[in-house]
Amino acid sequence: MIVVAGEALIDLVPQGTGALAGLTPALGGGPYNTAVALGRLGSRTAFCSRTSSDAFGEALLDGLRRASVDVSAVQRGPEPTTLAVATIDASGSAAYSFYVEGTADRLFSAPAALPADTRAVSFGTCSLVLEPGASAYEELLRTAAAQGVFTALDPNIRAGLIPDADAYRARFKSWLPSVSLLKLSEEDALWLGGTPREWLAAGPSAVVITQGGDGLTAFTRDGGVHSVPGEKVDVVDTIGAGDTVNAALLHGLSVQDALSREALEGLGVPGWTRLLRFAARAAAVTCSRAGAEPPYAGEVGF
């Protein structure tokens, strides 16, 4: 079982240009997209979050169930669902404005225990910023790591939600001893400061940096640097591409029985090349269609 912990929300995606373009609701949230992608790829997946009992919340849970994701660990509440208003630029890149005050996912509380057969837990995005839920997710991260569970982190920075950048950067560094695999975009790495070697020294066994259409690079504690180019595709938009990379990395590691720090450090050049190419291929499929629509196993077999 791979558990994904974090927010589920509704993306409002413009269907044209200009501030008054029509908005279409779409299921979203970085962790949510990661869980759906893992389910579609064929990994046994559970989602650990708190969602609203409103109609959007029900739709989010239905989307997880369609992807064969276990939702038994999802907490429910009467508060509204978080909304993210997307803006798509000419290159297909997405930027977001968030409506988060008083929403259900902010009130997440850490569960007493993870499912007994949990092999990995993935964290990231808004859930690690918005209190009081952020502290609960942080508690879950530290507890899982202390129990020897493989942990993955994608900070997926949303700067508009972070009131104190320096405080968040310090908090990010405090998570690293509890992280097995750190994945982030070039933009996130620049915003956070530091280098892959500095982050590796603090705890993770590997750091993967996505470079958009230029591909992915993995840095490992033994000094290894493994890079693959991006897959060429006609980009519709990039919504969910990074989340698909998260899922592909975790799925590929699971298939290779490498969801442990020791196995990750011993993956070697062939293992990393195969894994990164798979992640690049999966992300390209997501970019080739509108919204966060990650591929199914049959489209990108590992």
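Which side chain meets that of R171 in a salt bridge? In this predicted model, the partner is E131, with N and O 2.9 Å apart. R171 sits in helix α4 (residues 165–175), while E131 lies in the loop between β10 and α3 (133–146), so the pair ties together parts 40 residues apart in sequence. The pair does not stand alone. Salt bridges with shared partners join E131, E138, R142 and R171 into one network. R171 is partly exposed, at 22% relative accessible area. E131 is also partly exposed, at 31%.

The structure holds 13 salt bridges. Side chains of opposite charge can pair when their charged atoms come close. One of the bridges joins D117 and R44, at 2.7 Å from N to O. This pair links distant parts of the chain, 73 residues apart. D117 is in the loop between β9 (94–99) and β10 (120–124), and R44 is in the loop between α1 (30–41) and β4 (45–48). D117 is partly exposed, with 37% relative accessibility.

Another bridge pairs R76 with E58, their closest N and O atoms lying 2.9 Å apart. Here strand β7 (residues 75–77) supplies R76, and helix α2 (residues 55–66) supplies E58. The two residues are 18 apart in the chain. R76 is partly exposed at 33%, and E58 is partly exposed at 34%.

Helix packing gives a further picture. The axes of α7 (residues 241–255) and α9 (residues 268–287) come within 8 Å and cross at roughly 145°. The crossing is right-handed. Contact residues include A241, V245 and L249 of α7, and L275, F278 and A282 of α9. By class, the contact has 12 nonpolar, 4 polar and no charged residues.

Definitions and conventions. Residues are numbered from 1 along each chain as its sequence is written. This is a predicted model: local features need pLDDT of at least 70, side-chain atom pairs count only at pLDDT 80 or more; totals for chains, interfaces and linings use all residues. Side-chain values use heavy atoms; hydrogens and water are left out. Axes are lines fitted to C-alpha atoms, for helices over the stretch in contact, and angles run from 0 to 180 degrees between N-to-C directions. Helices (H or I, at least four residues) and strands (E, at least two) are DSSP runs, numbered from the N terminus. A crossing is left-handed if the near helix is turned anticlockwise from the far one by less than a right angle, and right-handed if clockwise. Contact means heavy atoms within 4.5 Å. Ala, Val, Leu, Ile, Met, Phe, Trp, Tyr, Cys and Pro count as nonpolar, Asp, Glu, Lys and Arg as charged, and the others, Gly among them, as polar. A salt bridge is a side-chain nitrogen of Lys or Arg within 4 Å of a carboxyl oxygen of Asp or Glu. Buried means under 20% relative accessible area, exposed over 50%, partly exposed in between (1.4 Å probe, protein chains only).
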